[in-house]
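Please examine the sequence and the structure shown below.

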Amino acid sequence: MGYITPDFYKNEFMGQDAGDQLEKYIERASDAIDMATNYVLRGVEFEQLAKFLQDQVKKAVAAQVVFILPM
(Lines give C-alpha, C1' and ligand atoms only; values in the text may rest on other atoms or scores of the structure.)
Protein backbone atom coordinates (compact mmCIF):
# COMPACT_ATOMS: atom_id res chain seq x y z
CA MET A 1 0.00 0.00 0.00
CA GLY A 2 1.31 3.41 -0.96
CA TYR A 3 1.94 6.26 1.45
CA ILE A 4 -0.36 8.63 -0.42
CA THR A 5 -3.75 8.49 -2.06
CA PRO A 6 -4.60 9.64 -5.57
CA ASP A 7 -6.62 12.41 -3.92
CA PHE A 8 -3.52 13.69 -2.07
CA TYR A 9 -1.47 13.62 -5.27
CA LYS A 10 -4.07 15.43 -7.34
CA ASN A 11 -5.54 17.92 -4.86
CA GLU A 12 -2.91 18.65 -2.22
CA PHE A 13 0.35 18.10 -4.08
CA MET A 14 -1.24 19.15 -7.39
CA GLY A 15 1.01 16.83 -9.35
CA GLN A 16 1.13 16.28 -13.08
CA ASP A 17 -1.57 14.20 -14.72
CA ALA A 18 -0.73 10.51 -14.45
CA GLY A 19 -3.87 9.29 -16.16
CA ASP A 20 -5.41 6.00 -15.14
CA GLN A 21 -2.03 4.62 -14.03
CA LEU A 22 -1.70 6.89 -10.96
CA GLU A 23 -2.16 4.13 -8.38
CA LYS A 24 0.56 2.06 -10.06
CA TYR A 25 2.94 5.03 -9.96
CA ILE A 26 2.13 5.69 -6.29
CA GLU A 27 3.04 2.09 -5.45
CA ARG A 28 6.32 2.31 -7.35
CA ALA A 29 7.15 5.66 -5.78
CA SER A 30 6.38 4.34 -2.29
CA ASP A 31 8.70 1.39 -2.93
CA ALA A 32 11.45 3.79 -4.03
CA ILE A 33 11.05 5.82 -0.82
CA ASP A 34 11.21 2.61 1.22
CA MET A 35 14.46 1.64 -0.50
CA ALA A 36 15.93 5.11 0.01
CA THR A 37 15.09 5.00 3.72
CA ASN A 38 16.31 1.42 4.23
CA TYR A 39 12.72 0.33 4.95
CA VAL A 40 12.58 2.08 8.33
CA LEU A 41 8.91 2.88 7.78
CA ARG A 42 7.90 -0.75 7.22
CA GLY A 43 6.35 -2.27 10.30
CA VAL A 44 5.61 1.19 11.73
CA GLU A 45 2.06 2.45 11.98
CA PHE A 46 2.30 5.40 9.57
CA GLU A 47 -0.48 7.34 11.29
CA GLN A 48 1.45 7.12 14.57
CA LEU A 49 4.39 9.10 13.14
CA ALA A 50 4.61 12.81 13.86
CA LYS A 51 2.52 14.84 11.42
CA PHE A 52 5.67 16.56 10.12
CA LEU A 53 7.22 13.20 9.21
CA GLN A 54 4.02 12.00 7.57
CA ASP A 55 3.88 15.18 5.49
CA GLN A 56 7.51 14.86 4.40
CA VAL A 57 7.06 11.23 3.36
CA LYS A 58 3.90 12.09 1.44
CA LYS A 59 5.65 14.94 -0.38
CA ALA A 60 8.62 12.69 -1.19
CA VAL A 61 6.34 10.01 -2.63
CA ALA A 62 4.40 12.55 -4.69
CA ALA A 63 7.64 14.05 -6.02
CA GLN A 64 8.85 10.56 -6.90
CA VAL A 65 5.63 9.95 -8.84
CA VAL A 66 6.36 13.05 -10.91
CA PHE A 67 9.92 11.84 -11.45
CA ILE A 68 8.90 8.40 -12.75
CA LEU A 69 6.07 9.58 -14.99
CA PRO A 70 6.83 8.88 -18.64
CA MET A 71 7.48 11.97 -20.69
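**Questions on helices, burial and side-chain pairs**

Q: Lys51 and Asp55 lie how many residues apart, and in which helix?
A: A helix here is a DSSP run of H or I with at least four residues, numbered from the N terminus. Lys51 and Asp55 are separated by about one turn of the helix that covers residues 51-68. They are 4 residues apart, and both belong to helix H3.

Q: What kind of model is this?
A: Residues are numbered from 1 along each chain as its sequence is written, and side-chain values use heavy atoms, with hydrogens and water left out. Local features need pLDDT of at least 70, side-chain atom pairs count only at pLDDT 80 or more, and totals for chains, interfaces and linings use all residues; the model is predicted.

Q: What distance separates the closest N and O atoms of Lys51 and Asp55?
A: A salt bridge requires a side-chain nitrogen of Lys or Arg within 4 Å of a carboxyl oxygen of Asp or Glu. Lys51 and Asp55 form such a bridge, one of the 2 found in a search of the whole structure. Their closest N and O atoms are separated by 3.0 Å.

Q: Is Lys51 buried or exposed?
A: A residue is buried under 20% relative accessible area, exposed over 50% and partly exposed in between (1.4 Å probe, protein chains only). The partner of Lys51 in the salt bridge is Asp55, which has 24% and is partly exposed. Lys51 itself has a relative accessible area of 59%, so it is exposed.

Q: How far does helix H2 reach from its first C-alpha to its last?
A: The expected span of a helix is 1.5 Å times one less than its number of residues. Helix H2 covers residues 22-36 and has 15 residues. The expected 21 Å is close to what the model shows, which is 21 Å.

Q: Against which helices do the buried residues of H2 pack?
A: The buried residues of H2 are Leu22, Tyr25, Ile26, Ala29, Ser30, Ile33 and Asp34. Among them, Ser30 has 1% relative accessibility and is in contact with Gly2, Tyr3 and Val61, its neighbours within four places in sequence being left aside. The helices against which the buried residues of H2 pack are H1 (6-12) and H3.

Q: Within what arc do the buried residues of H3 fall?
A: The buried residues of H3 are Gln54, Val57, Val61, Ala62 and Val65. The arc is taken from the directions from the helix axis to the C-beta atoms. Seen down the axis, these residues line one face of the helix, because they fall within an arc of 130°.

Q: Which residues are exposed on the other side of H3?
A: The buried residues of H3 are covered by parts that include H1 and H2. On the other side of H3, the exposed residues are Phe52 and Phe67.

Q: How many residues apart in sequence are the parts that the pair of Tyr3 and Phe46 ties together?
A: Rings of Phe, Tyr and Trp (its six-membered ring) pair if their centres lie within 6.5 Å; planes under 30 degrees apart count as stacked, over 60 as edge-to-face and the rest as tilted. The whole structure holds 2 aromatic pairs. Tyr3 and Phe46 form a tilted one, with 5.2 Å centre to centre and 40° between the planes. Tyr3 lies in the segment before H1 and Phe46 in the loop between H2 and H3, so the parts tied together are apart in sequence by 43 residues.

Methods
Helices (H or I, at least four residues) and strands (E, at least two) are DSSP runs, numbered from the N terminus. Contact means heavy atoms within 4.5 Å.
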